[in-house]
Amino acid sequence: MKKVVLLTLLFAFFVVSSNAQEYRTSLGLRAGLPYGLTIKHFLNKTNAIEGVLAGSYGGFIITGLYENEHWTGQYPGLNWFWGVGGHVGFWDPGRNPNFNDTYTGSAVIGVDGIIGLEYTFEEIPLNLSLDLLPAVNLIGYTGWGGINGALSIRYVF
């Protein structure tokens, strides 16, 4: 069922052809990994900062990203973006399948990248974003943090 919903929303990104609503800030939910709250604020027309406060493996992770937006040119309201940032996370080591049996710590600090598509509706104050979020942990449980991804649904202010 989740795959059907994601495919339907992705299809909607490409079919809907209304003009984008320009906005400065949006706030909403992130459904995926990590899941939680997301806020995005534009510094200017093409640069934004995004914060994610998410739950994961019996703990939480805070991610900050600097993003660069690009209009697709073909469909008004549809943009693609990329960015870089960092994260700090705290988990229950026994619940995180990425931690091996010998790791007893519970905190990580690392770097993130992000790439995705975003659509902002003109008729309603709604923004949808689909992204991939690869991560590398540098402190704590070091190494590859995986390629996470999510669908974000945000209210536009």
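Helices (H or I, at least four residues) and strands (E, at least two) are DSSP runs, numbered from the N terminus. The model is predicted: local features need pLDDT of at least 70, side-chain atom pairs count only at pLDDT 80 or more, and totals for chains, interfaces and linings use all residues. Residues are numbered from 1 along each chain as its sequence is written, and side-chain values use heavy atoms, without hydrogens and water.

**Exercise 1.** State the order of the elements in the protein.

Solution. Count them: one helix and eight strands. Then read from the N terminus: α-β-β-β-β-β-β-β-β.

**Exercise 2.** Find the residues of the largest nonpolar core.

Solution. Start with the term. Buried means under 20% relative accessible area, exposed over 50%, partly exposed in between (1.4 Å probe, protein chains only). A nonpolar core joins buried Ala, Val, Leu, Ile, Met, Phe, Trp, Tyr and Cys residues through side-chain atoms within 4.5 Å. Six residues make up the largest one: Val52, Ala54, Ile61, Trp91, Val108 and Tyr141.

**Exercise 3.** List what isoleucine 61 touches, leaving out residues up to four places away in sequence.

Solution. Contact means heavy atoms within 4.5 Å. Isoleucine 61 touches Pro34, Val52, Leu53, Ala54, His87, Val88, Gly89 and Trp91.

**Exercise 4.** Give the share of buried residues in the protein.

Solution. The protein has 157 residues, and 39% of them are buried.
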